[in-house]
Amino acid sequence: MKTAVNSFVDTLLPATPTLFSVTTFNTTASVLLGFSGNAAAIKSSVNSITMGQWTNWEQGLVTGNGTYDPRPAIPNIIIFASDGQPNRYGVNGTQGTGMFDAAALAAAVTQANAIKSSGTRIITLGVGTDSSLFSNLTQIASPSSSYTVSNYAALNASLHALATDLCGGT
């Protein structure tokens, strides 16, 4: 995933005025980098991400959305990538059980709907072959903004297509 995201950054920077923030989530979520157009800093933040035991979509959305500042003329997009089902929720990720938790999904959907109603587009990227993962990601995505790939190797092409779509092919 890191390789694909770094390539995505290289596709957009420095050719566009895109700014990235980097948020990671597992049991909890944290901002690794506030908004920046510095490709090296962005990629360094992406490369520092480590895998976690649990998957807290709700806090990933809340924390990522919290990086935006109030600039209504600038479109906000959250690119939300996951290879795991939501199974934890709450600020400390202490609620939830098992490999999938319906309440964790409901908490993420509630946050996603609030974020989308504020004008932010949510694009989801699911990695793997679990069809229920993709169905769940679609519930938090903006209309026609949910993508799936079977493995991380295919993610690079999907992100390149997304960059082309977001930039109108320029």
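Guide: We begin with a term: a residue is called buried under 20% relative accessible area, exposed over 50%, and partly exposed in between. Please note also that the model is predicted.

Visitor: Is Ser144 buried or exposed?
Guide: Ser144 is found in the loop between α5 (131-140) and β5 (146-149). Its relative accessible area is 73%. Since the term applies over 50%, Ser144 is exposed.

Visitor: What is the phi of Ser144?
Guide: Most residues other than glycine have a negative phi. Ser144 is not a glycine, yet its phi is positive, at about 55°.

Visitor: Which residues does the cis peptide bond join?
Guide: Most peptide bonds are trans. Here, a cis peptide bond has an omega of about 5°. One of its residues, Pro14, lies in the loop between α1 (2-12) and β1 (20-25). The bond joins Leu13 and Pro14.

Visitor: Are α3 and α4 roughly parallel or roughly antiparallel to each other?
Guide: Helix α3 (residues 57-65) and helix α4 (residues 102-117) pack with their axes 7 Å apart, at an angle of about 25°. In passing α4, α3 makes a left-handed crossing. Angles under 35 degrees count as roughly parallel. The two helices, α3 and α4, are therefore roughly parallel.

Visitor: Which residues make the nonpolar surface patch of about 190 Å²?
Guide: Residues of a patch have over 30% relative accessible area. Ile77, in strand β3 (residues 77-82), is partly exposed, with a value of 31%. The patch of about 190 Å² is made by Ile77, Ile79 and Leu166.

Technical notes. Residues are numbered from 1 along each chain as its sequence is written. This is a predicted model: local features need pLDDT of at least 70, side-chain atom pairs count only at pLDDT 80 or more; totals for chains, interfaces and linings use all residues. Side-chain values use heavy atoms; hydrogens and water are left out. Patches are made of residues with over 30% relative accessible area and no salt bridge: like charges are joined within 9 Å, nonpolar side chains (Val, Leu, Ile, Met, Phe, Trp, Tyr) within 5 Å. Accessible areas come from the Shrake-Rupley method with a 1.4 Å probe; for residues, only the protein chains shown count as cover. A salt bridge is a side-chain nitrogen of Lys or Arg within 4 Å of a carboxyl oxygen of Asp or Glu. Helices (H or I, at least four residues) and strands (E, at least two) are DSSP runs, numbered from the N terminus. Buried means under 20% relative accessible area, exposed over 50%, partly exposed in between (1.4 Å probe, protein chains only). Axes are lines fitted to C-alpha atoms, for helices over the stretch in contact, and angles run from 0 to 180 degrees between N-to-C directions. Angles under 35 degrees count as roughly parallel, over 145 as roughly antiparallel, 65 to 115 as roughly perpendicular and the rest as oblique. A crossing is left-handed if the near helix is turned anticlockwise from the far one by less than a right angle, and right-handed if clockwise.
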